[in-house]
Amino acid sequence: MKLLKSLKLRGWLLVGTAACGVALAGALATFGSSARAGAALEERKLPMKFSWIACEPNCRGWVSAVGIITSDTPKDFDDFAQGRQLGGATVVLDSSGGSVNDAITLGRRFRNLGLLTTVGISLPNRGGPSARPAVASEAYCESMCVFLLLAGKKRYVPEAAHVRVHQIWMGDRADDAKAASYSAQDLMIVERDIGRLAKYTFDMGGAGDLLSLALSVPPWEDLHELDAGELKLTNLVTTDLVADVLPHVDITAPAMAELAPKTQARFGTEPEQAARSTKTAEAMVPTGTAPSAGAQK
């Protein structure tokens, strides 16, 4: 009888140990996913960074562009592109937006090089030096990032990606757009940059529906996420095949934490008025802020 009880107790202990092991494994998996999401969020708070993701010998590789667009971003891209054969390469975007005029400048650089665009988080190292790089599709392209996406000669958006738009606004009126006061000069800046953005949109092959959707969302509301139908209506998507922009590359959709509940797009001041501070997003927003002397979105 004592032996039987001992065997039963041992069996329950083994079951309990196995259950704890399963729970621990699940916790570790969740922690790893959250850690990766947190790292991606931290990078999106910083000025845009460009890096080359090598994917040889079976694929060419691609450009990873992560972060907010500032007045330095076009020059940073020029420095990155120096000495590289980027013609026809793909840019993988993960960005909460940034400066309106600098995004337009950068987008025209992309188009002149014949770059392709998509949305994702580049995963260069997966399990050792021999492992192939991949792209996690659950990423964010918000505000002026959407217009960088539009710069690609071919454009692909994964199903799990989040492409979100809203109005552009005065950057130094970010804290309370409704309560702030605006001068005739401010209105001139807004109308001027809307005109610049409209011309750029049509030059890149975008539809007027993109501007209409973006300009209908005020800065005190959450960004509008474009669904599959709207992505095609606005001509942001030109292909449904990832192989058209990233041949022989794995596209994954891992469970990741929500990266950005809200990021507001705003105008800032003109470059010659650098004394007035501007920022790309409202204070206390998880996606972060960055100063810039140019118009913001």
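Author: D203 and R108 form a salt bridge, with their closest N and O atoms 3.0 Å apart; the term stands for a side-chain nitrogen of Lys or Arg within 4 Å of a carboxyl oxygen of Asp or Glu. This pair links distant parts of the chain, since D203 sits in helix 5 (residues 184–203) and R108 in helix 3, 95 residues apart. Helices (H or I, at least four residues) and strands (E, at least two) are DSSP runs, numbered from the N terminus. The model is a predicted one, in which local features need pLDDT of at least 70 and side-chain atom pairs count only at pLDDT 80 or more, while totals for chains, interfaces and linings use all residues. Residues are numbered from 1 along each chain as its sequence is written, and side-chain values use heavy atoms, with hydrogens and water left out.

D203 is partly exposed, at a relative accessible area of 36%, and R108 is partly exposed at 29%. On this scale buried means under 20% relative accessible area, exposed means over 50%, and partly exposed is in between (1.4 Å probe, protein chains only).

D203 also forms a salt bridge with K199, where the closest N and O atoms are 2.9 Å apart. Here both residues lie in helix 5, four residues apart, or about one turn of the helix. An α-helix has 3.6 residues a turn, so residues three or four places apart point the same way.

The structure holds eight salt bridges. Another of them joins the side chains of D78 and R109, at 2.9 Å from N to O. D78 lies in helix 2 (residues 73–81) and R109 in helix 3 (residues 100–112), so this pair ties together parts that are 31 residues apart in sequence. D78 is partly exposed, with a relative accessible area of 30%, and R109 counts as partly exposed at 29%.

Helix 3 deserves a description of its own. Its 13 residues should span 18 Å at 1.5 Å a residue, and the end C-alpha atoms are 19 Å apart, which agrees; the expected span is 1.5 Å times one less than the number of residues. The buried residues of helix 3 are V100, N101, D102, A103, I104, L106, G107 and F110. They pack against strand 1 (49–53), helix 2, strand 3 (90–94), strand 4 (116–119), helix 4 (145–149) and helix 5, where contact means heavy atoms within 4.5 Å. Just after helix 3, G114 takes a positive phi of about 70 degrees.

F110 is also one of the residues with the most contacts inside the largest nonpolar core, which has 49 residues; the others named are F50, F77, F147, V163 and L236. Such a core is a set of buried Ala, Val, Leu, Ile, Met, Phe, Trp, Tyr and Cys residues joined through side-chain atoms within 4.5 Å. Apart from this core lies another, of 11 residues, among them W62, V92, L116 and V135.

Next come the strands. Strand 4, one of the elements that helix 3 packs against, is covered on both faces: L116 and T118 on one side and T117 and V119 on the other are all buried. Strand 3 and strand 4 run parallel and are joined by four bridges; two strands pair if DSSP finds at least two bridges between them. V92 stands opposite T118 in strand 4.

V163 belongs to strand 9 (residues 162–165), which is also covered on both faces, with H162 and R164 buried on one side and V163 and V165 buried on the other. Strand 7 (residues 140–142) runs parallel to strand 9 and is joined to it by three bridges, with R164 as the bridge partner of E142. Strand 9 also pairs with strand 10 (residues 224–225), in the antiparallel sense over two bridges. There, the bridge partner of R164 is E225.
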